[in-house]
Amino acid sequence: MSDLARENNEWFFLLERFPELILNEKTCVDMPLFICPEDQDYNVLEVLTFFKEHDAYHMDYLKFLSITDWSDVLEVVYHLFSYRTQKRCLVSKRISREGPRLHSCSHIWPAANWHEREMFDLFGVVFDGHPDLKRILLPDDWQGHPLRKDYTQNQTYNGVSTSRTYLTQLPSFSEDISTKTPLTKG
Amino acid sequence: MLQILPSVLTSDMIHGMLLFGKISLFFGLFITPIAGFSVYIERRLSAKMQSRIGCHRLGPEGILQLVADGIKMLCKEDLYPRGSDVVLFKFAPYLVMIGAFTSFACIPFGDHVVMANIDVGIVYLLGLSSLVVVGIMLAGWSSNNKWSLLGSLRSAAQIISYEIPLGLTLLVPVIITGSMNLQAINHFQSGGVSKWLVFYAGPFTIIAFVIYFISALAEVNRTPFDLPEAESELVSGFHTEYSGMRWGLFFVGEYANMFLVSCIAVTLFLGGYQRSMVNIAFVGLTCFFIIFLLLQIFLFLPTYVSELWKGQSLLDVLMKTPPQKRSNAFKVMCLGGAFVLASLMYRYHLDYHWIQVFVFVSKAYFLVLVMMWLRWSLPRYRMDQLMDLCWKKCIPISFVCICGTLIWMVVQ
Amino acid sequence: MQYETQMYETQQMGDQLMELNMGPQHPSTHGVLRFVIHTDGELIKRVEPDVGYLHRSIEKIGEQVTFQGFLPYTDRVDYVSAMTANHAYARAVEKLIDCSVPKRAQYLRMLADELCRIASHLIAIGTYPMDIGAVTPFVHALREREKINDLMEALCGARLTYHYMRIGGVGFDLPKAFETQVHAFLKSFYVFLDELRPMLQDNTIFLKRVCHLGAFSKEDAIAYGIVGPNLRATGFDHDLRKNAPYACYEELDFKIPVGMGEQGTLGDCYDRFDVRVKEMRQSAYLIEQILGQMPEGDILGKAPKTIRVKDKWAYASVESARGELGFFVVANGQPNAYRIKIRSGSFAAMSMLPVIAKDVFLADLVAIIASLDLVAPEIDR
């Protein structure tokens, strides 16, 4: 970046400290997205701690922590906001789908505690260093991680059937939806 | 007559059986209907305070609802939780009822209308109210339920603590009249409203009455002291696991207890059954409600009879006849008639026993209505705040009342 | 600042504590929530919330139905104030497709939001005294909410799950004589608000139960992600309607009520209650302004029948009754969303509960839960 660009860029300090982050302003509508490099050992915690503690950003509010299941990777997205500077951004990291692990950031923001539990519950991502990682929304003895794209439900749960036969056929979305019949039959 | 009876029965035994019969009739036909009626009044009163109507469907103005509820409770399955101590579980409601009901034995409803004119009536009352605590603790323990246990322990702590200011403030009339006999206390208060014990010693007896009322609320587990049966935390506290008639016994026991403490308050502070203008006004108001209700039933009768004649079943007639709205003029006429009747009774010195009973019951019932009013307006105290209120505020104030009354008596 | 990950003391204290289960069916848990409580007699040493009884996998359903078809599901995310949920999702999708919403539709959306906010706060301030013991204010509050339900029924046909907003605008215009009905409602509503003060806020027993209870500081609240009236009660005046205005809020004039610690500590249960009461009054003023300034025009902007957007994400949030309710939508070129993530205020409030409710009495736990205004559907989705 040229000197002029450096001075006008509000993310100057971040990109100077972590030049490997890619700033993407097109994917998310009016919010900058910082993409972390894809190698497994990259320490996202450093980036997050920098966001929290640097004076120019002071991102004291973790709005949510979401995961999207692309068919080859899982993409973890942190949405950060600062009350003081009114800046907001997304930080994204792609992790592998087999045995996904990530460092927990609940010591940076206690809000992350339950969000990470939810992501463990629904996607199976294990957060190292989390104080109490167990299922939160589903029962403790549930098998599988539902929000994954390749999730198939067990036929029974504790002896009770989990399917309703007339809803197993869902319409495909390859054509225009307006010509299709309604979702449920009868 | 006695010759035809078997020789095993002696006259003492007959006397005992007649007495037993009298007492059962008293409880069955007098106290239990009052308790049942209190339930109905509570529902209508709370509804009035909350801008809704309350139960008004079954029977005229909904009065047959209590009969329906009673029948429903009798028909329910007799459940007891697994793991509970069945003997204690079944025995607990009876203890609560015994504690409440037998205390009525010494309360005078009229000049000679008292079952047992005990010379130490006040001690008898205090002793029996402690039986209620045992019943509640048995209920909570035997339910095999941690929440019930919590509720019963809270209740036990509360009742035992509040018995102290109760006893202390009960001492105030004893000091003034010099006797623990409830009839004697009543006779002391004859001769008009100014002779009521609550106005005897200036502010001290008034404060004593207020402290007594607060302690009585705590004894009966009514809001603002109803933490043991706090609906939002413990479902129903110590009577969560009870269903059907067993719960009905607790319920009736609670309302009978409410009536009991009001009766005691009226006897000791508010003039008992003594006849006076103000008392007769109470009688007039009670008469108004009774006349109004009777007229509703009377004016309903043609509709009921004609419906039954057409072939409808009794249940249908009772449930589907819509409530009649009576005009304000009608209500005012009933009220006026009631007051005319009441003032005639005062003018012509109608001192029959029944008017005294009527005076007494109407005054006690007014206090019951105040208790209901408080229940639906106030939030409840937390346990430690309740205890704080008792030990740090009620007890010192009752001591002050006793000393103040003594000083007042010496000075006058 | 680092936050220590806490090991609960119970594991050090052994089995001296009584374990209680405040189960999913309970008269005072707001919705279907479960708490496992370890108490030392009446003092609570540890509360562990167990959520998930109302989990309906709404986020997964969002991946199966179209963008427009998901709107009725957003009602069920927070059925106590459903309009705001509709609004948030509609804004997120409108950001994706870059659709502009006409001015009248914006005003109608604001009107619906504020009516919903009043309705939701009525439930909050009605159930709160009920959990403390005073049953009567609940009935009075529901009486007012009935009138709002009638207004909503006139507006969009439903009393609880409205599905009023559409992608690009709203579904229905104002019916005839709606404004007179709203003004009649507001007249009685101000009377109700004035009655609250002597009934509850000046009542000694209520104050004793509520003050100095469950207080947390502004920094703790921000760190745990608390939003909405819970955050404003700690003295921090952040409101999305003022700080990040959406839907023409910048044209209206209103104040943000903030907790002042006038009775008890700053940020305690009394402040949360007080903030909600004041917010209702501000919402009533807002409704009057909205009705006065309502412009003419369309109620629905131009939005495509089938929404296909490739490789775009959008996040939009509105200030719902419980704080910031946000929808994060990931689109992948299909008519249905690829991933929808819902961010609600009650989730964060629930996660903070084990921290606040330490060394309080059992009765206080109920009061704290009620003061945080948790609704289970928002937590579990």
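Student: What does the secondary structure of chain A come to?

Tutor: In this predicted model, chain A has 4 helices and 9 strands.

Student: In what order do the elements of chain A run from the N terminus on?

Tutor: They run α-α-β-β-α-β-β-β-β-α-β-β-β.

Student: And how many of its residues are buried?

Tutor: Chain A holds 186 residues, and buried ones make up 32% of them. Of the contacts in chain A with a separation of 6 or more, 43% are between residues 24 or more positions apart.

Student: Turning to helix 1 of chain B, what span should its 39 residues have?

Tutor: Helix 1 of chain B covers residues 11-49 and should span 57 Å, because each residue is taken at 1.5 Å. The C-alpha atoms at its ends lie 55 Å apart, which agrees.

Student: Where is the kink in that helix centred?

Tutor: The kink in helix 1 of chain B is centred on F27(B) and amounts to about 30 degrees.

Student: Which residues of helix 1 of chain B are buried, and what do they pack against?

Tutor: A35(B), G36(B), S38(B) and E42(B) are buried. The buried residues of this helix pack against helix 2 (65-74), helix 9 (244-268) and helix 13 (353-377) of chain B.

Student: What happens just after the helix?

Tutor: S51(B) adopts a positive phi of about 55 degrees there.

Student: How many residues does the contact take from chain C and from chain B?

Tutor: Chain C gives 26 residues and chain B gives 23 residues. Elements of chain C that each supply at least two residues of its side include strand 1 (18-22), helix 5 (103-132) and helix 14 (362-371). The residues on the chain C side comprise 15 nonpolar, 5 polar and 6 charged.

Terms used
Residues are numbered from 1 along each chain as its sequence is written. Chains are lettered from A and ligands numbered from 1 in the order in which they are written. This is a predicted model: local features need pLDDT of at least 70, side-chain atom pairs count only at pLDDT 80 or more; totals for chains, interfaces and linings use all residues. Two residues are in contact if their C-beta atoms, placed from the backbone, lie within 7 Å. Ala, Val, Leu, Ile, Met, Phe, Trp, Tyr, Cys and Pro count as nonpolar, Asp, Glu, Lys and Arg as charged, and the others, Gly among them, as polar. The expected span of a helix is 1.5 Å times one less than its number of residues. The bend at a residue is the angle between axes fitted to the seven residues ending there and the seven starting there. A residue is buried if 20 or more other C-beta atoms lie within 10 Å of its own, exposed if 12 or fewer, and partly exposed in between; C-beta atoms are placed from the backbone.
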